[in-house]
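Here is a short briefing to read with the model open beside you. Have a look at the structure first, and then we can walk through it together.

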Amino acid sequence: MATKIQAVRGMNDILPEQAPLWERFEDSVRDWLRAYGYRNLRTPVLERTELFVRSIGAATDIVEKEMYTFTDALNDESLTLRPEGTASCVRAAVEHNLTYNGPQRLCYMGPMFRHERPQKGRYRQFHQVGVEALGFAEPALDAEHIVMCARLWRELGIQGVTLELNTLGSAASRTRYRQRLIKYLEKHREILAKDADAARRLHANPLRVLDSKNPELHGLIAQAPQLADDLDDASHKHFEAVQSLLNDTGVRFTLNPRLVRGLDYYNLTVFEWKTQRLGAQDTICAGGRYDGLFEQIGGKPAPACGFALGIERVLELMAPTETPRTDIALDVYIAHQGELAACFAFRAAEQLRDLGCSAALDNGKTSFTSQTKRAVASGARFVAFIGDGEVERKEMGLRPLRGSGQQQRQCTVEDAAKLIISGRE
Ligand code: HAM
């Protein structure tokens, strides 16, 4: 026998048993996005590598070591499987001039790819719902996104998530802060040397040092100068306005001055929603403002902000309390025996679908008893039997599979459809 071919490590199949939960989530998310006026944008999963290097930043974990990048030998181009959606969204907005007639509220849902070490809640192919507000400068948009998340958690019945909030200030205030931070870190090079990543980032990306999880750096990070001291008035005002809107709508948050995010495009507000129920992979949703990104990738300057949630992580929080939806149950499973019956059953199934019923056909190769067992296992509400007698009379034997009175009756396809539809809850 040939060896089995398995899925790529960290890339999961989503099996039919799991699908109802995903579908329930996706349905809720679509309603929720519509309620806030977000429109769907679908971009390719492959982009030119340059897009991510320029937007996410050359000295970030994602770009340095997590991207699936390869050369398309047919036209000698470096391509990358998207590790996130914001860069693609802004690329598409610039390419199609989407903000020409005014700001845009956009959203997307789909797979992202990062070559991280797989563990529970961290995968190499994972899925995000992303929300981006392009062309909006107002703090009300930062707040809208956070309030939106709070509503989604309520709608999905997710409890125990907390919100961390910070401001990264304007580009100018960050430059001032960067210099102060580099000076401070240079003074403590011997401590920094305990972490190769941090030491390497001293000049390339010093703010990321603050995000280090290495306990040997915790003391150094705790004593580090704070960005808040370098904030200009406009950044302060923006941040206060966001906080005040959150307070007005009753969304609780903690200020975390060390929250810097792993992608370089952010300025002003950044936030992360966390849970204690998922172990190390505790961030279920994150985002912030990225007013410089349009320009960085060759567009006209435009303010923007957004966030993305990790679907696998959110589902993990929904799973224990949510029962799969029942409205996707199959209406009728069609059992048949004999060649003529097989043709009749095939046509009858199409007719039932025309009349608004869902129907699945058995292959008709076994006894009615074992076909009935498969009908029960399929979760169908009815089983229909078609043998030679039924073909002659142009009928089917319809039997309910749920409830008490499971009596079989002979009826035409039209009558069967009526019965099936009238019995729906
Ligand atoms: P991010 O923080 O890199 O931000 O990812 C957002 C969320 O995606 C994370 O909070 C997490 O729930 C999920 N996630 C990330 N990596 C993995 C993984 N390997 N396995 C499972 N889930 C994962 C962004 O991607 C930004 N584009 C968010 C954004 C949108 N900012 C502005 N607009």
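The backbone oxygen of Pro 111 lies 2.8 Å from a polar atom of the Arg 82 side chain, a polar contact (a pair of N or O atoms within 3.5 Å; within protein, one must be able to donate a hydrogen and the other to accept it, and residues adjacent in sequence count only if both atoms are side-chain atoms). Please keep in mind that this is a predicted model, in which local features need pLDDT of at least 70, side-chain atom pairs count only at pLDDT 80 or more, and totals for chains, interfaces and linings use all residues. Residues are numbered from 1 along each chain as its sequence is written, and side-chain values use heavy atoms, with hydrogens and water left out.

**Around Arg 82**

- Arg 82 sits in the loop between β4 (77–81) and α4; helices (H or I, at least four residues) and strands (E, at least two) are DSSP runs numbered from the N terminus.
- Arg 82 is buried, at 7% relative accessible area; buried means under 20%, exposed over 50%, and partly exposed in between (1.4 Å probe, protein chains only).
- Setting aside neighbours within four places in sequence, Arg 82 is in contact with several residues, among them Thr 43, Phe 52, Ser 88 and Phe 113; contact means heavy atoms within 4.5 Å.
- Between the C-alpha atoms of Arg 82 and Asn 97, 15 residues apart along the chain, there are 21 Å.

**Helix α4**

- Because 8 of the 10 residues of helix α4 (residues 86–95) are buried, this helix is largely enclosed by the rest of the structure.
- The buried residues of α4 include Thr 86, Cys 89 and Arg 91.
- These buried residues pack against β2 (46–48), α2 (49–56), β5 (104–113), β6 and α12 (293–296).
- Just after α4, Asn 97 takes a positive phi of about 50°.

**The ligand site**

- Which residues come nearest to the ligand? Of the 25 around it, they are Glu 84, Thr 86, Glu 116, Glu 132 and Tyr 266; a residue is near a molecule if one of its heavy atoms lies within 4 Å of it.
- A polar side-chain atom of Tyr 265 is 3.0 Å from a nitrogen atom of the ligand.
- Thr 283 has a backbone N or O atom 2.9 Å from an oxygen atom of the ligand, and a polar backbone atom of Gly 310 is 3.3 Å from a ligand oxygen atom.
- The ligand taken alone exposes 660 Å², and the protein buries 96% of that; these accessible areas come from the Shrake-Rupley method with a 1.4 Å probe, and for residues only the protein chains shown count as cover.
- At least two residues of the shell come from each of β6 (125–134), β10 (283–289) and β11 (304–310), and β10 gives the most, with 5 residues.
- By class, the shell holds 11 nonpolar, 7 polar and 7 charged residues; Ala, Val, Leu, Ile, Met, Phe, Trp, Tyr, Cys and Pro count as nonpolar, Asp, Glu, Lys and Arg as charged, and the others, Gly among them, as polar.

- Thr 69 lies in strand β3 (residues 69–72) and is partly exposed, with a relative accessible area of 41%.
- The side chains of Thr 69 and Thr 80 are joined by a polar contact of 2.8 Å.
- Asp 76, in the loop between β3 and β4, has a positive phi of about 50° although it is not a glycine, and counts as exposed at 64% relative accessibility.
- Arg 261 lies in the loop between β8 (254–255) and β9 (267–275); its phi is also positive, near 75°, but Arg 261 counts as buried at 11% relative accessibility.

**Domains, and a pair of buried residues**

- The chain is divided into domain 1 (19–170 + 231–321) and domain 2 (332–420), with bounds from an automatic or database domain assignment.
- Taken over C-alpha atoms, the centres of domain 1 and domain 2 are 48 Å apart.
- Thr 372, in helix α15 (residues 368–378), is buried at 15% relative accessibility and touches Phe 385 and Arg 399, not counting residues up to four places away in sequence.
- Phe 385, in strand β14 (residues 382–386), is buried with a relative accessible area of 8%.
- The C-alpha atoms of Phe 385 and Glu 50 are 335 residues apart along the chain and separated by 60 Å.
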